[in-house]
Amino acid sequence: MNGRSTQRGADVAQGAPDGSGVVLRQADEADLDIAAELFRGYLDFYEVEVEDPQRPRAFLAERLAGGDSFVLLAEVPGAGTVGFTQVYPMHSSLSMRTAWLLGDLYVAPSGRRTGAGRALLREVLRRAREAGVAGVQLETAYDNHIAQGLYEAEGFVREEFHAYYHDLSEASAKLSKSSQEG
């Protein structure tokens with residue numbers, strides 16, 4: 001990954017389990033290439049096929065330019081920028097307050113077991129408390145037991161609600177149309 005220094009933005013040092021320091025910073029336009037590289041790793045992890053190789057970078061650029069989300073990056077000495085998280089503000093009707101959706105959290109294989117994921121998660125929670133949001137929501141795959149263990153260790157609780165999703169993509173629309181015709 002990228003070993004660029006962290007002179008820009010607000011850096012937050014966190015201690016990793018081995019005594020090294022994880023340095024966090026909020027991404028800006030200058031970080032789009034490294035953030036997009038990590039985002040592509042995240043998409044690969046979840047087996048999302050991306051036809052346009054520039055789309056992950058463009059997606060992040062759109063979110064940052066529009067103020068739709070914020071992205072944090074994690075650097076580990078000797079390994080460079082190894083992780084990212086993207087957070088989307090939203091509204092909670094049940095609490096009638098702002099809440100945050102932690103949409104993405106990913107640490108590249110070279111940065112795993114360094115404390116980077118935990119540092120990113122803790123920084124999101126710190127910022128959420130500081131901003132006075134009602135809570136932070138996230139999702140992960142049923143079989144991602146390592147992430148589930150981290151989330152639960154940091155105070156996240158599995159909810160009793162069922163999540164539903166209606167896919168409105170072109171492929172889903174074609175499948176739905178063919179099933180209606182049959």
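This report walks through the fold, the surface and the salt bridges of the chain shown above.

## About the model

This is a predicted model, in which local features need pLDDT of at least 70 and side-chain atom pairs count only at pLDDT 80 or more, while totals for chains, interfaces and linings use all residues. Residues are numbered from 1 along each chain as its sequence is written, and side-chain values use heavy atoms, with hydrogens and water left out.

## The fold

Let's start with the overall layout. The chain has five helices and six strands; here helices (H or I, at least four residues) and strands (E, at least two) are DSSP runs, numbered from the N terminus.

How much of the contact count comes from residues 24 or more positions apart? Among contacts (heavy atoms within 4.5 Å) with a separation of 6 or more, such pairs account for 56%.

## Inside and outside

Of the 182 residues in the chain, 38% are buried. Buried means under 20% relative accessible area, exposed means over 50%, and partly exposed lies in between (1.4 Å probe, protein chains only).

The chain exposes about 11,500 Å², and carbon and sulfur atoms supply 52% of that area. Accessible areas come from the Shrake-Rupley method with a 1.4 Å probe, and for residues only the protein chains shown count as cover.

## Salt bridges

Now for the charged pairs. The whole structure holds twelve salt bridges, each a side-chain nitrogen of Lys or Arg within 4 Å of a carboxyl oxygen of Asp or Glu.

One of them joins E75 and R25, whose closest N and O atoms are 2.1 Å apart. This pair links distant parts of the chain: E75 sits in strand β3 (residues 70-76) and R25 in strand β2 (residues 21-26), 50 residues apart. Are these two residues buried or exposed? Both E75 and R25 are buried.

Another salt bridge connects R57 with D33, with 2.7 Å between the closest N and O atoms. R57 belongs to helix α2 (residues 55-66) and D33 to helix α1 (residues 32-45), so the pair ties together parts that are 24 residues apart in sequence. R57 is partly exposed at 28% relative accessible area, whereas D33 counts as exposed at 52%.

## Further pairs to find

R158 pairs with E152, the closest N and O atoms being 3.2 Å apart. Here R158 is exposed, with 56% relative accessibility, and E152 is partly exposed, with 44%. Finally, look for R55, E62, R63 and D68, which are linked in a network of salt bridges.
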